[in-house]
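Look at the fold as a whole before turning to single residues.

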Amino acid sequence: MSVAEITASFPIEAFREDLISWYKDNKRDLPWRKDQDPYKVWVSEIMLQQTRVDTVIPYFQRFLAQFPTLEHLAQAEEEKVLKAWEGLGYYSRVRNLQTAVKEVSTSYGGQVPSSPEKISKLKGVGPYTAGAILSIAYGIPEPAVDGNVMRVLSRILIVEDDIAKAKTRVLFETLVRELISKEDPSSFNQALMELGALICTPQSPACLLCPVQAHCRAFEQGRQKELPVKVKKIKVKTVDLAAVLLRNQEGRYLIHRRPSEGLLANLWEFPNLPVRYRGKDEEQTLVSFLESEWEVEATIGEAISRISHIFSHLKWDIQLFTGYAHTKGREQEDLRWVTLSEMEQYPFSVSHQKIIKLAKEVE
DNA sequence: AATGCGGGGAT
DNA sequence: ATCCCAGCATT
């Protein structure tokens with residue numbers, strides 16, 4: 001959806017007023033809200049990156065006591081600065097902050113720049129932090145889109161783009177440029193974040209207490225819990241497997257039916273097993289496995305292929321061997337010796353279909 | 001467009 | 001356990 005489509009028929013002015021007046025009445029009394037000193041705003045915004053307000057408060061107070069001005073921080077020993085950050089995490093934040101503060105001291109005469117272009121060049125100042133400092137310290141109507149803002153606006157306007165994607169943040173920045181109060185951009189930006197922190201929370205938003213409930217499309221449709229859309233990134237784990245194309249004297253191949261539950265349930269496959277370390281005697285592991293599992297005596301030949309197969313949540317890396325079976329092994333419902341043409345009747349997963357294809361090429 | 005980077009609170 | 005937090009730099 002385009003920005004124009006999203007904001008069509010949205011009562012921008014009423015939304016602004018309801019949001020900002022709620023903010024002014026309900027905002028928390030936080031230590032970095034005592035004045036608009038750009039240095040203090042800056043420090044607070046860096047500390048608040050991926051870090052909760054309650055965690056930041058004591059760090060902010062100690063840090064400002066120790067480094068009360070930009071010049072104090074610029075001239076401090078890095079080790080002292082790191083010590084002040086100890087336990088807060090993401091330590092590159094504070095090393096970048098000191099680098100940037102030194103830059104401001106030498107290149108800008110100690111004045112934190114007030115243009116988007118210049119402030120964005122400072123180390124550690126990304127799109128969010130730039131907008132936050134510009135709007136809060138200088139009253140400049142720039143968007144400051146963080147996780148709160150994307151959550152709140154995705155619900156109010158029903159934006160279904162995946163907020164994990166980088167370009168979605170750009171979409172929200174464009175939206176905020178339309179919505180933001182030109183009279184009080186500081187309150188507007190902070191109000192969106194405050195709303196996200198206090199009312200429009202991730203799991204169970206307190207819609208009945210929400211000052212902009214009347215403007216919220218998600219609430220109207222009862223969809224607030226579906227938003228924002230965020231595709232969870234699953235760390236794809238690689239599983240190394242050794243498999244064997246096992247042939248007997250009749251030219252038949254051994255296949256096995258997978259368990260009735262779990263991954264690829266009831267599909268057929270070639271004998272295989274996970275190997276802990278790639279290259280560590282897969283052959284002998286296969287021989288032992290075939291013997292103990294199915295009483296098949298086998299000789300493993302050469303590795304003929306490497307098959308990679310990606311699932312949604314894991315990746316198989318299969319090393320395929322040829323093999324010759326001396327015995328038939330235990331008769332089982334889930335174990336069969338079949339010819340290549342008979343094999344066509346059995347369901348295989350794609351990764352094992354790749355093995356069939358290889359078998360046909362070998363024959 | 002992904003990934004690494006810290007640590008902790010809420011559910 | 002999992003999510004997510006006033007994100008950014010690097011690749």
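Domain bounds here come from an automatic or database domain assignment. By that assignment, chain A splits into domain 1 (3-226) and domain 2 (237-362). The model is a predicted one, in which local features need pLDDT of at least 70, side-chain atom pairs count only at pLDDT 80 or more, and totals for chains, interfaces and linings use all residues. Residues are numbered from 1 along each chain as its sequence is written, chains are lettered from A and ligands numbered from 1 in the order in which they are written, and side-chain values use heavy atoms, with hydrogens and water left out.

Start with the overall form. The centres of domain 1 and domain 2, taken over C-alpha atoms, are 55 Å apart. Along the principal axes, the C-alpha atoms of chain A fill a box of roughly 85 × 55 × 30 Å. The radius of gyration, taken over C-alpha atoms, can be set against a globule rule of 2.2 Å times the number of residues to the power 0.38. For a compact globule of 363 residues the value would be near 21 Å, whereas chain A has 31 Å. Chain A contains 15 helices and 7 strands; these are DSSP runs, numbered from the N terminus, with helices being H or I of at least four residues and strands being E of at least two.

Next come the empty spaces. Rolling a probe the size of a water molecule over the atoms shows where empty space is left. On a 1 Å grid over the protein atoms alone, a cavity is a set of points where a 1.4 Å probe fits but cannot get out, while a pocket is an open set with protein on both sides within 12 Å along at least five of seven lines; lining residues have an atom within 4 Å of a point. Grid points are joined across faces, edges and corners, and a volume is the space filled by probe spheres set on the points.

The largest pocket has a volume of about 1800 Å³. Its lining holds 50 residues, and L48, Q50, D146, G147 and N148 lie nearest the centre. Among the elements that give two or more residues to this lining are α3 (38-48), α4 (53-66) and α12 (185-198). The largest share, 7 residues, comes from α12. Sorted by class, the lining has 20 nonpolar, 16 polar and 14 charged residues; Ala, Val, Leu, Ile, Met, Phe, Trp, Tyr, Cys and Pro count as nonpolar, Asp, Glu, Lys and Arg as charged, and the others, Gly among them, as polar.

The second largest pocket holds about 160 Å³ of space. The residues that line it include N248, R252, H326 and W337.

Some local details remain. R62 lies over the face of Y59, 4.8 Å from the ring centre; a charge sits over a ring if NZ of Lys or CZ of Arg is within 6 Å of the ring centre and within 35 degrees of the ring normal. In the backbone, the peptide bond from L227 to P228 is cis, with omega near 0 degrees. P228 is in the loop between α13 (217-220) and β1 (237-247).
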